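The structure comes first, then the details.

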Amino acid sequence: MTTSPAATFEGVLPSRLTPADRGQIERRVQEIGRGLLERALTAEPTAASSEWWVQQAAEWATQDDDLKVRLFRLVDCMPMLDDPAALDRHVREYVDDDVIARLPRSLRLAFQAARSGFLAPLAARAIRAATLAQARRFIAGGNPAEAAQAALAQRRHHRGFTLDLLGEAVTSEAEADAYAAAYTDLLRELPRIAAGWSADPLVDDGPTGPLPRVNVSLKLSALDSQFDAIDPHGTTDRVLERLRPIWRLARANGAQVHVDMESHVTKDLALAIFRAIAMEDEFRDWPHCGIVVQCYLREALRDLESLAQWARHRGTPVWIRLVKGAYWDYETVHARAAGWPVPVWQEKWRTDACFEAATTFLLEHADTLRPALGSHNLRSLAHGMAVAEHLGVDRRAVEMQMLHGMGDPEKDAVTAAGWRLRIYMPYGQLVPGMAYLVRRLLENSSNDSFLRAGFVKHVPPATLLAPPRPAAAVVAPAAPAAADDGGFANEPLADFALESSRRAFAEAIDRAAADFARGPVEVPVVIDGRRSASAGRFSRHDPSDLRRHVAEVSAASPADAVRAVDLCRSATPAWAAAGWHRRADILDRAAEIMRRRRWELAAIEVFEVGKPWREADADVAEAIDFCRYYAASARLLAAPCRVDVPGEENATAWLPRGTSVVIAPWNFPLAILAGMTTAALVAGNPVVMKPAEQSSLVALRLHEILLEAGVPPAALAFLPGRGEEVGPSLVSHPDTALVAFTGSRAVGLAINADAARASAAAGSRVVKRVIAEMGGKNAIVVDDDADLDEAVVAVVHSAFGFQGQKCSACSRVIVLDRVHDAFVGRLAAAVHSLRVGPAVEPGTRVGPLVDQEARDRVRSFIEIGLRSARPLAAVEVGPLADRGWFVGPHVFGDVDPDGPLGQEEIFGPVLAVLRARDFAHAIDLANGTAYALTAGVFSRSPSHLELAARQLAAGNVYLNRGITGALVHRQPFGGYRMSGIGSKTGGPDSLQQFLLRRTVTENTLRRGFAPAAPHDAGVATRG
Ligand SMILES: Cc1cc2nc3c(=O)[nH]c(=O)nc-3n(C[C@H](O)[C@H](O)[C@H](O)COP(=O)(O)OP(=O)(O)OC[C@H]3O[C@@H](n4cnc5c(N)ncnc54)[C@H](O)[C@@H]3O)c2cc1C
């Protein structure tokens, strides 16, 4: 039995079609489809046409996944390789002997030549030229004049066009302005030229009059450098400011504007912005605008239905370009990595069926939603044509759309059948053009591609035209490999593209603000479950707004410290005896409570330490991860390790070390404190928690949660207070067995020294174990072939996320000479575009520093930068300086690698740029500090990536991504040299640091006999 699309999607959207109608339509689909196919197939592409090349390249690549990755990666970096030596190196690295052996003959010869002998440079250049030429085939020119020529050429084939300006990722307001200006220029010039073109009824006649001859497509994310679904209002305002003049001009000059659709996280925001502008008084009666709906999205039909309701209310139709979607691989991988539901269908037939259901819906509402069917799948288009015919929809109210440079034979078939066809024509520069080419290659090399099936694999027409249905044997998409992790999976970060997440967080923030307005929260000392207020107190104010009094904290005294350790010592036997599984269960319960109170905890962080929304949410998620990961790790350690031989049994088990003091920082106020505390606790050690002064309130909440989850009050003391007052008493107490510390290098080294001294003191009975995570002076290297779009975004995020107050933050960027100026120009503009503001505002990218001391320290480094280096970006904070501890982001160039900006940890939004002669020099510079915490590199050279992986001195090395945001289990975190003792948190051996090993050996031989040893039953002993 076959499953028809109707059976799958029928009922999801209302439809007038009966089963009999659907039967008739399907018969017509087959007739129309065969007609289209016959015509298209008789004009098979030749080697001269672009799609032939792409189809062949894709075809070779589909044979072999590794080959595909290498070739596509080489293609991607080609435009950057204008230096012959770099080109030669990349060709050699991507296409080694093994790859050459797998290439088709034609390519094999070219690459062999490129790798050997005196012909090598010539051949490499020829390969580059051929690749760039192929990329150009998909691009309708490098500038508006060339694009206009290409557009006119389409009209000669009786096809319409829509022009799309290819652009690099917009990372600054200047780039957003340039993008908007390019559209303005186009809309000023092209309509004037188009007015002189002769009329073409097939292209120009619309249902209610002539259609605009000029049609442009644009991406909303390119109109705002801070485009982010977390801040829909701010983003919408900024986008509209640039979009309005474009629409105004288009309307005035008789052009049409269409909004493209990008990744799923921006989809709802793009739809909302489109609706907002289309409802504005000046545009509400304008029919020449439209937006894309991607049918590979599970939400496509729901979105369409809501668009139909909205358009009815608007009273003027809009165009809907229905496509299947261009980012399937990205959406799938990204959602899986984030632990979010995958938003795209996972079986191709569902995408096709969804497209058909959406087509039917559009055609049934063609008076409000004008259908534009964007596809190279002739079955999908034939279905649209058949439904339109059946419903009697005016052909002028419908159009088919295809991409420039692809499927040319199909295009003639569509126009010959009497349907309007519009060609989507990207124009612009080659660097962004390569990303477009790679998307097309990916699409064409998919086993499910219609173009590949029809024009390369020569699948029979009956199969090509069959209605979407499950394949006989559906191959399930490969699930991510299961790791040996005891069932652990990271807690997904909040998806702020969801309105529900934004609302929940905003409400939690409102509740917290209302609480603080009633008065500060009292944070007591808690020993053995008893809360006490101490004489020494201090106040905590919101660093974004010093008028808000968040907490009144009782500062523990040295006497409290001694009392807490004494009590923990007496609690040790019972807590150790509680057993691994009970302790692990408690951690799991704590994780559950945190999950339940997730928004509340994150909101406290916003007010207490000035964490912007996303950072605060990530901190709570990481705290949950630590609880769950250490619970899972503990269960794995529960069973002793046995090595038994006949006559002897050996059991090695883990023992708690004893009272542990946890001294935590404020920058990950929940996660780091929770990580160190839960690791110590689950190992059976009672803990004295000493949170940072600046984050005592969220720490108190953690203490409450752990007690609620089942930690006995005697096994967990809570000692807020000043480190310098209680720290020494805690560390040097003779019963403190372990100190787990995260913080500055100076304090970490002092603790280490104090612990060593106390261990050596008379009467000491333990060598204190110190686990110390200290600072970093982390670098990102930007190679001369790096993807600068990605490098700029990652450096900005790594350097200025949470105001640079992360030990993993990027504080040096080392840029190769050849790309130095281009990179630095974009970096400076991107930094100037960051939004500095109070942490409560969702659009804030850079909030306040944590306190006055931090602000003054960072200011002193800025002074040094102004004296000794070249300021590249210096963001002023204006009146915010009077409200809180704000310091704007700063970037300095020409920094002395050995001076303070090049060597000292700043812990604030200050970034040093260093220039490197070559890659080896860059690695030397990166390694040239006392620290070794995190480091990263952006490069597209396999050998450079390999070198960086081997030689970068850092506990965490990141290739082609930002260097912050390590996840528990995936990236166990911690450094060496002056960054720490070399231990890692959130990794497979983290718990062991909180434990001792003890082996019990028993001689089981008694008077010549012994019990049979496991695995060795029946072995007799000699008597
Ligand atoms: C005029 C025009 C404008 C466009 N604008 C946009 C745009 O704004 N945004 C955008 O994202 N794309 C856009 N596209 C690109 C378009 O999405 C792709 O070219 C298109 O999806 C290819 O589909 P097809 O119907 O031509 O081919 P087919 O070969 O029939 O279908 C390919 C589609 O199936 C999907 N698919 C492949 N494997 C699976 C699977 N296992 N499970 C589920 N689905 C699968 C692919 O992702 C792809 O979407 C546009 C295309 C055109 C023609």
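Four elements each supply at least two residues to the lining of the second largest cavity: strand E23 (778-782), helix H36 (919-927), strand E28 (931-932) and strand E29 (934-938). The model is a predicted one. This second largest cavity has a volume of about 70 Å³. It is lined by 14 residues, and Lys777, Arg812, Ala926, Thr934 and Ala953 are the closest to its centre.

The count of cavities of 30 Å³ or more comes to 4. The largest cavity holds about 100 Å³ of space. Its lining has 14 residues; Gly804, Lys806, Ala809, Ser811 and Phe907 lie nearest the centre.

Now the helix pair. Two packed helices are described by the angle between their axes and the distance between the axes. Helix H13 (residues 267-278) and helix H14 (residues 300-314) have axes that come within 11 Å and cross at roughly 10 degrees. Angles under 35 degrees count as roughly parallel, so H13 is roughly parallel to H14.

Which residues of H13 and H14 meet? From H13 come Lys267, Asp268, Leu271, Phe274, Arg275 and Ala278. From H14 come Asp303, Ser306, Leu307, Trp310 and Arg314. By class, the residues of this contact divide into 5 nonpolar, 1 polar and 5 charged.

Terms used:
Residues are numbered from 1 along each chain as its sequence is written. This is a predicted model: local features need pLDDT of at least 70, side-chain atom pairs count only at pLDDT 80 or more; totals for chains, interfaces and linings use all residues. Side-chain values use heavy atoms; hydrogens and water are left out. Axes are lines fitted to C-alpha atoms, for helices over the stretch in contact, and angles run from 0 to 180 degrees between N-to-C directions. Angles under 35 degrees count as roughly parallel, over 145 as roughly antiparallel, 65 to 115 as roughly perpendicular and the rest as oblique. Contact means heavy atoms within 4.5 Å. Ala, Val, Leu, Ile, Met, Phe, Trp, Tyr, Cys and Pro count as nonpolar, Asp, Glu, Lys and Arg as charged, and the others, Gly among them, as polar. On a 1 Å grid over the protein atoms alone, a cavity is a set of points where a 1.4 Å probe fits but cannot get out, and a pocket is an open set with protein on both sides within 12 Å along at least five of seven lines; lining residues have an atom within 4 Å of a point. Grid points are joined across faces, edges and corners, and a volume is the space filled by probe spheres set on the points.
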